[in-house]
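Dear colleague,

I am handing over a structure that I would like you to look through. My notes on what was found in it follow below.

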Amino acid sequence: MILDKVNSPEDLKRLSLEELLLLAEEIRSEIIRVTAQNGGHLASSLGAVELVLALHRVFDSPRDRILFDVGHQAYAHKLVTGRKDRFHTLRKEGGISGFTKVSESPHDAITAGHASTSLANALGMVLARDLMGEDYHVVAVIGDGALTGGWPSPPSTRSGSSKRGCSSSSTTTR
Ligand SMILES: Cc1ncc(C[n+]2csc(CCOP(=O)(O)OP(=O)(O)O)c2C)c(N)n1
């Protein structure tokens, strides 16, 4: 299994495109296996597998911040950021959270669960980064449902007018 060899996003950068495609299938199988037992957000996480692999391949987490809106689509992100051995505890007491959680991993840029919070968080990080004179990317992963939640509008207007704003990736998982 390719997943056995992936313990951090760095490991993804060494894989060929063919191996990445196989890895996506393995990750989907693992998500289905665990959610069949524990419950969870199956469709959203299945739909974001390739997006998660691409983001971790291109960006350098945790230096670059990848923010998942709601955090319900981040199971693949958990599997490739050092949590695959505990993934079977998903949503169990004391186990892996069903959402991103700062205390769970340095790769979880925000503690999520509520919808529509990623862009405001991302813009805050961008402003803080620039004030501190630091240099890293901030990426918000947000779906069409969360995008229409109201909160994203002011930060998306502001980040669009900023020279060094934040990037956002849309997911469509339905
Ligand atoms: C503040 C708040 N309201 C409602 C919800 C319930 N909720 C969970 S996911 C979601 C929207 C998901 O839509 P989208 O962002 O398109 O994700 P996808 O359908 O791709 O999974 C909502 C409203 C929530 N998590 N937080």
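Helix H6, which runs over residues 118-132, has 15 residues and reaches 21 Å from its first C-alpha to its last, close to the 21 Å expected at 1.5 Å a residue; the expected span of a helix is taken as 1.5 Å times one less than its number of residues. Helices (H or I, at least four residues) and strands (E, at least two) are DSSP runs, numbered from the N terminus. Please keep in mind that this is a predicted model, in which local features need pLDDT of at least 70 and side-chain atom pairs count only at pLDDT 80 or more, while totals for chains, interfaces and linings use all residues. Residues are numbered from 1 along each chain as its sequence is written.

The buried residues of H6 are Ser-118, Leu-119, Asn-121, Ala-122, Leu-123, Met-125 and Val-126. Here a residue is buried if 20 or more other C-beta atoms lie within 10 Å of its own, exposed if 12 or fewer, and partly exposed in between, with the C-beta atoms placed from the backbone. After H6 comes Gly-133, whose phi is positive, near 70°.

Leaving aside residues up to four places away in sequence, Leu-67 touches Ala-109, Ile-110, Ser-118, Asn-121, Ala-122, Val-139, Ala-140 and Val-141, where two residues are in contact if their C-beta atoms, placed from the backbone, lie within 7 Å.

Strand S2 is largely enclosed by the rest of the structure, because six of its six residues are buried. Val-138, Ala-140 and Ile-142 point one way from S2, whereas Val-139, Val-141 and Gly-143 point the other way. S1 and S2 pair in the parallel sense over four bridges, pairing being assigned if DSSP finds at least two bridges between two strands. One of the residues involved is Arg-65, whose bridge partner in S2 is Val-138.

What are the buried residues of H2? They are Leu-23, Ile-27, Ile-31 and Val-34, and, seen down the axis of H2, they fall within an arc of 80°, so they line one face of the helix; the arc is that of the directions from the helix axis to the C-beta atoms.

In H4, the buried residues are Val-49, Val-52, Leu-53, Leu-55 and His-56, and, seen down the axis of H4, they fall within an arc of 165°, so they line one face of the helix.

Some backbone details also deserve a look. Most residues other than glycine have a negative phi, and most peptide bonds are trans. The peptide bond from Ser-61 to Pro-62 is cis, with omega near 10°, and Pro-62 lies in the loop between H4 and S1. Val-70, in the loop between S1 and H5, has a positive phi near 70°, and it counts as buried, with 24 C-beta neighbours inside 10 Å. Arg-91, in the loop between H5 and H6, likewise has a positive phi, of about 60°, although it is not a glycine, but Arg-91 is partly exposed, with 16 other C-beta atoms within 10 Å.

For the protein as a whole, there are eight helices and three strands, and 40% of the 174 residues count as buried.

With best regards
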